[in-house]
Amino acid sequence: MDRASRGLNDQGYLSNPEGVINLGESGFVLGFERERVYAEKGKKHVVPYTEGSTRDQVTTLFCGNAAGRMFKPLVLYDGVLHLGSIYDNTNDKLYVAVNRKGVMDHKVLTDYFRQEMLPNAPDKCVVLMDGHYSHVTNIKLFKLCIESGKDICLICLPSGQTDKLQPLDS
C-alpha cells in the first residue's frame, strides 16, 4: 500500500482531506416472523423454532471523508415500492432507496453517486471502497465519474483486507 499511497500523493489526491473519501456498507436482516413455537407441555422456558421465516433485508452505506464530514447515509430496503413513511421524520438526512432484494447493486450505487456523492465531493478526490461486485464491475459508475468533469480516482481495496485498510469497515 506504501507504493500506492506515494502515487496518490504525487498526483495530488491526498493533499486535501476533503477529497479522501471512504464508503462502506453493511447488510442487516430485520426480524423473523415466528409462525409456531413447539414445546413440551408445561415447560416455562422454551427455545423457539421458526417454521419458515419472513425477513426484511436492509443495507446501509456510509460515506465520509478524511476531514470528518459524513455524507448523507444510504438506506436500502428490499421491496418494489418506495414508501414515504419509511423516512418520515428523518428531515431529509437519509438517502433512501429500494430494490427487490435490499442488497447493493449497480443501479443503487450509481444513483447514490449521482445524487449525493458527486454534488458534494471536491473536484479532485479519491474514493476508497471494498471489492463488492456493485463497486468493481459497475461500468455505469465509472462512466459517471469520468463524465462528471471531476478528477475522481476510484480505489478498490484488496479482498479480505478492508477491516484493516478501510476506515468505515472497522
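View 1. With a relative accessibility of 32%, Asp151 counts as partly exposed, a class that lies between buried (under 20% relative accessible area) and exposed (over 50%), computed with a 1.4 Å probe on protein chains only. This is a predicted model, in which local features need pLDDT of at least 70 and side-chain atom pairs count only at pLDDT 80 or more, whereas totals for chains, interfaces and linings use all residues. Residues are numbered from 1 along each chain as its sequence is written, and side-chain values use heavy atoms, with hydrogens and water left out. Asp151 forms a salt bridge with Lys124, their closest N and O atoms being 3.3 Å apart; the term denotes a side-chain nitrogen of Lys or Arg within 4 Å of a carboxyl oxygen of Asp or Glu. Since Lys124 belongs to strand E5 (residues 124–129) and Asp151 to strand E6 (residues 151–156), the pair ties together parts that are 27 residues apart in sequence. Helices (H or I, at least four residues) and strands (E, at least two) are DSSP runs numbered from the N terminus. Lys124, at 31% relative accessibility, is likewise partly exposed.

**View 2. The salt-bridge network of Lys107, Asp111 and Arg114.** The structure holds 3 salt bridges, and in this view Asp111 takes part in a contact with Lys107 at 2.7 Å between the closest N and O atoms, as well as in one with Arg114 at 2.9 Å, N to O. Asp111 and Lys107 both lie in helix H2 (residues 106–120), 4 residues apart, which is about one turn of the helix; Arg114 and Asp111, 3 residues apart in H2, are also separated by about one helical turn. An α-helix has 3.6 residues a turn, so residues three or four places apart point the same way. The accessibilities of the members are 18% for Asp111, which counts as buried, 41% for Arg114, which is partly exposed, and 58% for Lys107, which is exposed.

**View 3. The two faces of helix H4 (residues 139–147).** Leu141, Leu144 and Cys145 are buried in this helix. Viewed down the axis of H4, these buried residues fall within an arc of 95°, so they line one face of the helix, the arc being that of the directions from the helix axis to the C-beta atoms. The face of H4 turned away from the buried side carries the exposed residues Ile139, Lys140, Ile146 and Glu147. Among the elements that cover the buried residues of H4 are H2, helix H3 (133–136) and E6. Just after H4, Gly149 takes a positive phi of about 85°.

View 4. Pro119 is exposed, with a relative accessible area of 53%. When its neighbours within four places in sequence are left aside, Pro119 is in contact (heavy atoms within 4.5 Å) with Phe113, Arg114 and Lys150. Pro119 and Ser148 are 29 residues apart in sequence, and their C-alpha atoms are 9.6 Å apart in space.

**View 5. Confidence along the chain.** The mean pLDDT, the predictor's confidence in each residue on a scale from 0 to 100, is 81 for the chain, and 74% of its residues reach 70 or more. Among the elements of the chain, H4 has the highest mean pLDDT (95) and helix H5 (residues 162–165) the lowest (62). Where pLDDT is low, the predicted coordinates should not be read in detail.
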